[in-house]
Structures are given as structure tokens and as C-alpha cells.
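The following exercises are to be worked with the sequence and the three-dimensional structure at hand. Each task is followed by a solution in steps.

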Amino acid sequence: MAGDHGARTAASDAAVAEADVVVLAVKPQDMAALMEQVHDEVRPGTLVVSIAAGITTEFLEHHLPAGTSVVRAMPNTPALVDQGMTGISPGRHCSPDQLDQARQLLRSVGQVIVLDESHQDAVTAISGSGPAYIFYVVEAMIEAGVLLGLPRDTATELVVQTLYGAATMIRETGTHPTVLREQVSSPGGTSVAALRALEDHKVRAAFLTAMEAAARRSHELSPPPS
């Protein structure tokens, strides 16, 4: 994995030169400098996987040796606990076997989907940045529990298990979230009262606007090929 573009060493050069797969993991603004550093060490047939937001396969191909196989990937932080979600898109020179190689590599830390690169900004907005939205909601729910008189550790346990259970229901039942929500929302009940308040505060619209902003920012991070 190439990630420290500021310190070029013989050891790092040798690692790239000997690798069949090179993973580029730096901030988008540092990617051009990193590829300049490793350019001469990338061998023909090497697969290069980038996990930097906004960096296109065209940009990667332009800054690497001609014909280099590249894959653009957008993982998320739950990969740290082997529950990640990654969207990957192949470059022009990536063979089906190399794409499968990238898929298997990233599957070791969670789920992987292959999709057209035109959707990568949406992937960044939904799953790449998605954990931040979930953590934000969890924070708010915990604070609500504290406001309602619960000890913080109790509120945290209630919220985290509720989140985990709800996500598990969606995955294991295959039922649409709208149906699951309606099953919880008895007429005139507590859930309906809460959902009415969320609608009054336009929470759904706020989420849509937020994700559009994330996708727009992902697109803005994409540098021109040259």
C-alpha cells in the first residue's frame, strides 16, 4: 500500500516494484504527487487500486505508465470492523480477472459492488460518507435519552442495539424500509407522533439535500486528467 508520499525510500520503491497489486491510499489532493513518486516502479501487469474520493480512473491512467490497469474504489470506515461497503469501478485496461482480484481484496473487509464510474459520486455520498450521518443520528438519539432522564450509558446501549437490530431486520427480511416503518407506527401511537415531528422539521428533505451536497463535493474533488 502506498500512502506516505512525503518520504520516498528504497524500501517503499521496492515494495511497489515487486507488487502485483498496489493500493493508493492518500487524500485526493496528494494523489498526483504520490503517483509521480511510484510511476517508474509500477510494472506492466500491475493492478493499481485507488481509494481516494473523487480520483477518476482517467486521472489515474494519465499519471501512471501507459496501459496500467486501475480500479477506483470508495470504501467506508466500517471496513475497520470488517463490515465495510465498497463500490468499485474498473478503468479502461482492467481485465475481468483483475476486477475480480480487486473485488476479492476489498471483500475481506466487507461487501463490494461493481458499478459504472458515473455513479461513484453517488456512492461517495451514500455509503462513503454514510457512517457520518448514522453517527450524527445516533448522537442525537443518545442526547434525547439523556434529556429524558436516562443515564448516558443506558441511552447509548438502547440506541446502538436499536440501530443494529433495525439494520439486521432490513437485511434479513428483505422487506422495504417503508413497510417496516409502517409496522412500527400504530395509528395515534408514539412512533407516529415522533415521525410527524420529523416531517414538520423537514428531516427527510434535509437528508436529501445533505447527500446531494456530498455528491457535489465528491465531483469537485475530481482533478482534471492533466
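**Exercise 1.** Determine which backbone atom lies 3.0 Å from a polar atom of the side chain of Asn76, and describe the surroundings of Asn76 in this predicted model.

*Solution.* 
Step 1. The atom is the backbone nitrogen of Met85.
Step 2. Asn76 belongs to the loop that joins strand 3 (69-74) and strand 4 (84-90).
Step 3. The relative accessible area of Asn76 is 11%. Buried means under 20%, and Asn76 is therefore buried.
Step 4. Beyond residues up to four places away in sequence, Asn76 touches Gly84, Met85, Ser127, Gly128 and Pro131.

**Exercise 2.** Is Thr46 buried or exposed, and which backbone oxygens lie by its side chain?

*Solution.* 
Step 1. Thr46 is located in the loop between helix 2 (31-38) and strand 2 (47-50).
Step 2. Its relative accessibility is 1%, and Thr46 therefore counts as buried.
Step 3. A polar atom of the Thr46 side chain lies 2.9 Å from the backbone oxygen of Arg43. For the backbone oxygen of Ala19, the distance to a polar atom of this side chain is 3.5 Å.
Step 4. When neighbours within four places in sequence are set aside, the contacts of Thr46 are Ala19, Asp20, Val21, Val22, Thr68, Ser69 and Gln98.

**Exercise 3.** Examine the phi angles of Asp82 and Lys202, and classify the accessibility of each residue.

*Solution.* 
Step 1. Asp82, a residue other than glycine, has a positive phi near 60°. Its place is in the loop between strand 3 and strand 4.
Step 2. With 48% relative accessibility, Asp82 counts as partly exposed.
Step 3. Lys202 is not a glycine either, yet its phi is positive, at about 55°. This residue is found in the loop between helix 9 (190-200) and helix 10 (203-220).
Step 4. Exposed means over 50%; Lys202, at 58% relative accessibility, therefore counts as exposed.

Methods: Residues numbered from 1 in each chain as written. Predicted model: local features only at pLDDT ≥ 70, side-chain atom pairs only at ≥ 80, totals over all residues. Heavy atoms only, no water. Helix = DSSP H or I, 4+ residues; strand = E, 2+ residues; numbered from the N terminus. Buried < 20%, exposed > 50% of the residue type's maximum accessible area, 1.4 Å probe, protein only. Polar contact = N/O pair within 3.5 Å; in protein donor to acceptor, adjacent residues only side chain to side chain. Contact = heavy atoms within 4.5 Å.
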